[in-house]
Amino acid sequence: RFDDFGVEVFPVFEAETRAMTSPHTALLGVTNGAKPFQVVIVEWSSKRLSQSSPFVSVSNTLTLLISGSISLATSDATSSNITLTNLKGVTAQAYPVLTVTRLSGTAWVSAGLLFCGDSSTTTNKGEWSNNALVLPVCASTTLIAGKTYQVSFAVTNPSTQQDAPLISIEASGTATFARVAVVAPDTNIAGVEQGANALNVIVP
């Protein structure tokens with residue numbers, strides 16, 4: 001029809017307003033992660049690195065405690081790695097054997113095969129290169145968001161005294177964790193002030 005001025009007028013229809021239904025499934029380990037606009041910051045909620053001995057030229061066990069805000073996995077399409085950098089002055093095997101556990105309640109239990117350096121299929125291994133340790137996540141394996149993992153490996157301390165270097169952690173693959181400094185425990189061991197800080201090494 002037309003109005004008084006000869007302009008064609010169309011009828012107006014009012015659409016019923018209804019709330020959309022959102023999925024409530026997890027994605028990359030994030031609760032309700034499949035829900036539109038549900039976002040989290042990709043970060044380490046735990047990233048502490050400590051050591052067992054602060055003395056020169058001795059065997060030293062470094063222990064990394066990590067927990068991520070989203071899951072990190074390796075699939076047929078994407079490989080994921082965690083990297084520790086600036087492990088200054090120490091020596092290590094090319095493919096260090098790793099002891100990997102996860103926190104279950106209040107107890108540490110075996111985490112199974114998570115890191116497959118040197119294409120290992122039976123033993124957790126990393127890959128050492130230029131003062132860095134790469135932890136390649138095994139195929140079809142996932143580090144689950146919110147779970148706490150502990151990774152230990154042996155190195156030999158430098159032959160000369162040094163302060164703890166600035167060690168960093170990062171990850172790439174199904175998620176990208178930007179490079180950040182690890183957290184030092186700042187506790188004393190063997191009578192050495194802050195002796196638990198990784199690669200803080202003295203002459204006894």
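**Working through the model**

Me: What is the relative accessibility of Asn86?
Reply: Asn86 counts as partly exposed because its relative accessibility is 34%; buried means under 20% relative accessible area, exposed over 50%, and partly exposed in between, with a 1.4 Å probe and protein chains only.

Me: What kind of model is this, and how are things counted?
Reply: This is a predicted model, where local features need pLDDT of at least 70 and side-chain atom pairs count only at pLDDT 80 or more, while totals for chains, interfaces and linings use all residues. Residues are numbered from 1 along each chain as its sequence is written, and side-chain values use heavy atoms, with hydrogens and water left out.

Me: Back to Asn86. Where is it found?
Reply: Asn86 sits in the loop between S4 and strand S5 (99-104); strands here are DSSP runs of E, at least two residues, numbered from the N terminus. Phi of Asn86 is near 65°, a positive value in a residue other than glycine.

Me: What about Gln194, what is its phi?
Reply: Phi of Gln194 is near 55°, again positive in a residue other than glycine. Gln194 belongs to the segment after S12, and it counts as partly exposed because its relative accessibility is 35%.

Me: Now the sheets. In what order do the strands around S4 run?
Reply: The order is S7-S8-S4-S11-S12, five strands in an open sheet with antiparallel pairing; two strands pair if DSSP finds at least two bridges between them. Strand S7 (127-129) and strand S12 (177-181) are the edge strands, each pairing on one side only. On average, neighbouring strands of this sheet are turned by 15° against each other, direction ignored, with axes as lines fitted to C-alpha atoms and angles from 0 to 180 degrees between N-to-C directions.

Me: How many bridges between S4 and S11?
Reply: Five bridges, in the antiparallel sense, pair strand S4 (residues 81-85) with strand S11 (residues 168-172). Asn81 has Ser172 in S11 as its bridge partner.

Me: What does Ser168 touch?
Reply: Leaving out residues up to four places away in sequence, Ser168 touches Thr83, Leu84, Thr85, Arg179, Val180, Ala181 and Val182; contact means heavy atoms within 4.5 Å.

Me: And the sheet with S1, what is its order?
Reply: That open sheet has five strands, S1-S2-S10-S5-S6, with antiparallel pairing. Strand S1 (44-51) and strand S6 (107-110) are at the edges with a single partner strand each, so one side of each has no neighbour in the sheet. Its neighbouring strands are turned by 25° against each other on average, direction ignored.

Me: How many bridges join S1 to S2?
Reply: Seven, with the two strands running antiparallel. Ser46 has Ser67 in S2 as its bridge partner.

Me: How much space lies in the largest cavity, and what lines it?
Reply: About 70 Å³, as the space filled by probe spheres set on grid points joined across faces, edges and corners. The lining has 14 residues, with Trp44, Gly68, Ile70, Leu143 and Ile144 nearest the centre. Strand S2 (residues 59-68) gives the largest share, three residues.

Methods:
1 Å grid on protein atoms, 1.4 Å probe; cavity = no way out; pocket = protein on both sides within 12 Å on 5 of 7 lines; lining within 4 Å. Helix = DSSP H or I, 4+ residues; strand = E, 2+ residues; numbered from the N terminus.
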